[in-house]
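These are my notebook entries on one protein chain. I record below what I looked up, entry by entry.

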Amino acid sequence: MAHVTLNAQKWNLSINKRQFHFKVEIEFTQEMASPLLTPYKMGKFNLSHRVVLAPLTRQRSYDNVPQPHAILYYSQRTSNGGLLITEATGVSDTAQGYPQTPGIWTKDHVQAWKPIVDAVHAKGGVFFCQIWHVGRVSDSVYQPNGQAPISSTDKPLTPQIRSNGIDQVQFTPPRRLRTDEIPHIVNDFRLAARNAIEAGFDGVEIHGAHGYLLEQFMKDKVNDRTDEYGGSLENRCRFALEVVEAVVNEIGADRVGIRLSPFAEYSESGDSNPKELGLYMMNALNKYGILYCHMVEPRMKTVGEKTECPHSLVPMRKAFNGTFIAAGGYDRQDGINAVAENRADLVAYGRWFLANPDLPKRFALNAPLNKYHRETFYTSDPVLGYTDYPFLDDEESNAVAS
């Protein structure tokens, strides 16, 4: 805890010709000046601060199996009482859309996650596993037997430049899920949640954002179905809420969060009325009593920098009964303001946490931040751009040594 003491001030006071001399000392802690560094009780979890590790795809899980180098990566970013969310983790062999992303649908996956979870818990962290299905954001090369990806629709995606600004990705036209197949996908999420708890995770975050499968059902610019999973807002949200219900029934609402991005347009997944969609989901989620909602700011329309936007998450924050986590281009002061103004309970940081494993400490001290290197975000190297970002203590030691 960093203490700051103001210089003592001496005062002379004359009352009825008698002289009094005294001095005043004022002491405060830096945390008192930063709501972002104050404790927070999230359900049964006692968090020591509000800085959350956002889910960050890193593509270093060879053959979809989490690797030993992830032990160091996650433990580096763990603080006592800090909340971490894993990189997006596939619920089945049809859920993949990127190379070397982790899964949690087999016993081998569960066993591989255990030492990673143990390392986070050993340092006092709270660890949630983000479970996902990419839907049509995939290519047949990632699918079993080279089949087409599945989605709410058969509308194809146009090729995209990856968020590293370098690679172009091609997508195989998807196959529209039949109505009778949807319960099988719901069950994949349920089993993935069970596996996450078996691996030792404190809970799961259902990935319902950024143009992946759940959002492909929720948003009307993608979903062109005519069955009970298409058309009205209620129908479009049915699949996502069935996943929530199945996961809640499996592991308990106090271990379940969800990530949503109603305003975003990732992977050509936009909606004609994102505010209505967001509010509908908040009210529907309240019925299940889930632990938290993790929502992406409207200013983050696509991968990249913040844009000017008239919309706000405040109506969704007010409507939701549980813990509200905000994400999307936050810096230190943005996070302080969001908590101070009661626009969020917690703030998730991605790129800055990637490059600064001791981010909460740096925020507490208002210390300089390491710059992130976007070109190494998605390399397969187990060290470069992954576990080699320096800690503040390292930098101080180097400064002294030099």
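I then listed the buried residues of H3: Ile182, Ile185, Val186, Phe189, Ala192, Ala193, Asn195 and Ala196. Their packing partners are helix H2 (107–122), strand S10 (126–132), strand S11 (150–151), strand S15 (203–208), helix H4 (213–218) and H5. Just after H3, I noted that Gly200 has a positive phi of about 105 degrees.

**Entry 1: H3 against H5.** Two packed helices are described by the angle between their axes and the distance between the axes. For H3 and H5 I recorded an angle of about 35 degrees and axes 9 Å apart. Their crossing is right-handed. From H3, the contact is made by Ile182, Ile185, Val186, Phe189, Arg190, Ala193, Arg194 and Ile197. From H5, Phe239, Glu242, Val243, Ala246, Val247, Glu250 and Ile251 take part.

**Entry 2: nonpolar cores.** I next looked up the largest nonpolar core, which has 84 residues. Tyr74, Ile131, Ile206, Phe239, Met281, Met282 and Leu285 have the most contacts inside it. Helix H5 (residues 233–251) supplies the largest share of this core, eleven residues. A second, separate core has 16 residues, among them Leu47, Phe128, Tyr292 and Ala348.

**Entry 3: Phe324.** Is Phe324 buried or exposed? Phe324 is found in strand S18 (residues 323–327). Its relative accessibility is 0%, and buried means under 20%, so Phe324 counts as buried. Beyond neighbours within four places in sequence, its contacts are Met282, Cys293, Met295, Leu313, Met316, Arg317, Arg343, Ala344, Asp345 and Leu346. I checked one of these contacts, Leu346: Phe324 and Leu346 are 22 residues apart in sequence, yet 6.5 Å apart in space, C-alpha to C-alpha.

**Entry 4: confidence.** The mean pLDDT of the protein chain is 90, and 86% of its residues reach 70 or more. Over residues 1–15 the pLDDT is below 50, and I noted 38 contacts for this stretch beyond near neighbours in sequence. Residues 20–33 also have pLDDT below 50, with 40 contacts beyond near neighbours in sequence. Where pLDDT is low, the predicted coordinates should not be read in detail.

Methods:
Residues are numbered from 1 along each chain as its sequence is written. This is a predicted model: local features need pLDDT of at least 70, side-chain atom pairs count only at pLDDT 80 or more; totals for chains, interfaces and linings use all residues. Side-chain values use heavy atoms; hydrogens and water are left out. A nonpolar core is a set of buried Ala, Val, Leu, Ile, Met, Phe, Trp, Tyr and Cys residues joined through side-chain atoms within 4.5 Å. Buried means under 20% relative accessible area, exposed over 50%, partly exposed in between (1.4 Å probe, protein chains only). Helices (H or I, at least four residues) and strands (E, at least two) are DSSP runs, numbered from the N terminus. Contact means heavy atoms within 4.5 Å. pLDDT is the predictor's confidence in each residue, from 0 to 100. Axes are lines fitted to C-alpha atoms, for helices over the stretch in contact, and angles run from 0 to 180 degrees between N-to-C directions. A crossing is left-handed if the near helix is turned anticlockwise from the far one by less than a right angle, and right-handed if clockwise.
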